[in-house]
Amino acid sequence: MITMDDIIREGNPTLREVAKEVPMPPTDEEKKLGEEMLEFLKNSQDPVKAEELHLRGGVGLAAPQLNISKRLIAVHVPSNDPEDETPILSTVMFNPKILSHSVQDACLGEGEGCLSVDREVPGYVVRHARVTVSYYDEAGVKHKRRLKNYEAIVVQHEIDHLNGVMFYDHINEENPFALKEGVLVIE
Ligand SMILES: O=C(O)C[C@@H](Cc1ccccc1)[C@H](O)SCc1ccccc1
Ligand code: NI
């Protein structure tokens, strides 16, 4: 089972590498890794398990954060409605790729954090407001999916990890809260 001890922190060179494509179909070991990454996210969002296992809440995780330089991410984005058990997006993505994106940009009003960054880095992380991504599932079947709002931000954050990009690389150094006109602020 994955815990915080398995997650590498900024300064580890793996976080700055471009991760390698996973040959399709994934091996049993790669499939198991994906399942464990998704389980980590679900555990991290369960108050009892998160406390018991000392987990930071996470909605996404990329294999390089486990010191595994492979193009594999897991995302588990719960519904905004606390009554609704069905997550907005819960899946493992092998070789995810942004096929196209909106002209409009977006950012989270609260900024971003990262399980591999043990510090606050204030500022707007400007990303694409909407993206169309392709990815392979654990059976090696190719999918194409349009994403918007928070889930689009999460997937872009995770794909950045596959390319050695950290969220604060996107923050304007001169004015961390500078925003161009038309950028959608997601609260
Ligand atoms: O480090 C990671 O990749 C996991 C991040 C992903 C993420 C951060 C900010 C914005 C979008 C995605 C963690 O989920 S950060 C902790 C967190 C937990 C719940 C909600 C938002 C952020
Ligand atoms: Ni991160």
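## Around E158

Let's start with E158: setting aside neighbours within four places in sequence, E158 touches G60, L61, A62, Q65, I73, A74 and V75. This is a predicted model, so take the contacts here as features of a prediction. E158 sits in helix α3 and counts as buried, because its relative accessible area is 4%, below the 20% cut-off.

What does UniProt list for E158? An unreviewed UniProt entry gives "active site" for E158.

## The largest pocket

Next up is the largest pocket, with a volume of about 610 Å³. Its lining is made up of 28 residues, and V59, E112, G113, C114 and Y150 are the ones closest to the pocket's centre.

Which helix gives the largest share of that lining? That would be helix α3, running over residues 149–162, which supplies six residues. Helix α3 is also where E158 lies.

## A look at T14

Now over to T14, which you'll find in the segment before α1, the helix that covers 28–44. Is T14 buried or exposed? T14 is buried, because its relative accessible area comes to 9%, and anything under 20% counts as buried.

Methods. Residues are numbered from 1 along each chain as its sequence is written. Chains are lettered from A and ligands numbered from 1 in the order in which they are written. This is a predicted model: local features need pLDDT of at least 70, side-chain atom pairs count only at pLDDT 80 or more; totals for chains, interfaces and linings use all residues. Side-chain values use heavy atoms; hydrogens and water are left out. On a 1 Å grid over the protein atoms alone, a cavity is a set of points where a 1.4 Å probe fits but cannot get out, and a pocket is an open set with protein on both sides within 12 Å along at least five of seven lines; lining residues have an atom within 4 Å of a point. Grid points are joined across faces, edges and corners, and a volume is the space filled by probe spheres set on the points. Helices (H or I, at least four residues) and strands (E, at least two) are DSSP runs, numbered from the N terminus. Buried means under 20% relative accessible area, exposed over 50%, partly exposed in between (1.4 Å probe, protein chains only). UniProt positions are given in the numbering used here, feature names are shortened, and annotations may be inferred rather than shown by experiment. Contact means heavy atoms within 4.5 Å.
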